[in-house]
Each structure stands twice: as structure tokens, then as C-alpha cells.
Amino acid sequence: MLKIKHTKGFTLIELLIVVSIIGILTAFFVNTSTINIKRSRDARRKTDLSAIQSAIETYKADCNVYPTSMNFGSTLTGDGSTANCLSTNKYMTLVPQDPNSESSYVYWSDGTTYDICSTLEVTDNSMAVTCGSGAGATTNCGSSTCYYEVTNP
């Protein structure tokens, strides 16, 4: 009688199929997590711009004008122009910066109005905004195009 010897283990075909399935699943989860990270940064940008807007409105209530410049990553303080707008007043301890080092927030103001603009990573790329007016207007937020804008109410 002929005996067939069974070996323990997997064939090459079985291993290739398993490795292929693992590769497809890995690619799917990496792509999904990348999109979620981008959406998270976009949500942070919108929250940051809302917080900056709140600080700017408080500044205007005290100083009667909007700040004409904004230093992202530093403190927003009063300019000493009125009795309520002391240079020791802190309207925002740390003005946030864009979470992506390749992008930046853009602030424009003439004292009576303002625009704050940011890029968005998850966008349809058809709704670019212009930050500012006149010769200083820009659609550039760092190395990216601005897609989100907050203005004075």
C-alpha cells in the first residue's frame, strides 16, 4: 500500500493569499487614518480661528479698533491707545499657529474690519477665499491655498 506523507505547514499559494489580504487591509486602514488626521487638523483650524476671533472682538471692545497686525505664536496684548486698552492687557496668551508647518494662518486688518484665513486639507478645492482687500489681498496660506475665512461680524 502507498502511504502519502502529510507535512505540517502552509503551501506557497496559501501564504501569498494571506499576505495579499493583509496588505490590502493595511492599505485601507492607513488611508482611512490619514483622512481622519487631516479632518482633525481642519477642525482644529476652525476652532483656532474662532478663538482668535473672540480675542479680537474683546480687543476691539477695549481699544475701539481691531489690531492691525497679528503675531501667531505670541501673545495678543493691548496697544495702550486708550485707558481700557493697556499694554498689560492680555487678550490671548498664545495666538495659535497652523497645526501643519507647511501652512499658516493669514491675518489682515485695516483697524475697522479684519479677515483671518486658513487652508483646509479636506476640501473640494473650488472654494478658495481671498484674505484682505486691495493690494494686500492674498489667497495664499503658506504653501497652500486659503479655503476657510473668518471676518468681523
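In strand β7, E149 is the bridge partner of C117. The model is predicted: local features need pLDDT of at least 70, side-chain atom pairs count only at pLDDT 80 or more, and totals for chains, interfaces and linings use all residues. Residues are numbered from 1 along each chain as its sequence is written, and side-chain values use heavy atoms, with hydrogens and water left out. Helices (H or I, at least four residues) and strands (E, at least two) are DSSP runs numbered from the N terminus.

**Strand pairing**

- Strands β4 (residues 114-118) and β7 (residues 148-151) run antiparallel and are joined by four bridges; two strands pair if DSSP finds at least two bridges between them.
- Strand β3 (residues 106-109) also pairs with β4 in the antiparallel sense, over four bridges.
- A hairpin is formed by β3 and β4, with four residues between them. In its turn, G111 has a positive phi of about 100°.

**Burial of β4**

- Five of the five residues of β4 are buried, where buried means under 20% relative accessible area, exposed over 50% and partly exposed in between, with a 1.4 Å probe and protein chains only.
- Y114, I116 and S118 lie on one side of the strand and D115 and C117 on the other; both faces are covered.

**Aromatic pairs**

- The structure holds four aromatic pairs. Rings of Phe, Tyr and Trp (its six-membered ring) pair if their centres lie within 6.5 Å; planes under 30 degrees apart count as stacked, over 60 as edge-to-face and the rest as tilted.
- One of these is Y59 with Y91: the ring centres are 5.2 Å apart and the planes stand at 70°, so the pair is edge-to-face.
- Y59 belongs to helix α1 (residues 12-63) and Y91 to strand β2 (residues 90-92), so this pair links distant parts of the chain, 32 residues apart.
- Y59 and Y91 are both buried.
- Y66 and Y114 make another edge-to-face pair, at 4.7 Å centre to centre with 70° between the planes.
- Because Y66 lies in the loop between α1 and β1 (76-77) and Y114 in β4, the pair ties together parts that are 48 residues apart in sequence.
- Y66 is buried, as is Y114.

**Around Y66**

- Y66, Y107 and Y114 form one aromatic cluster.
- K60 lies over the face of Y66, 5.4 Å from the ring centre. A charge sits over a ring if NZ of Lys or CZ of Arg is within 6 Å of the ring centre and within 35 degrees of the ring normal.
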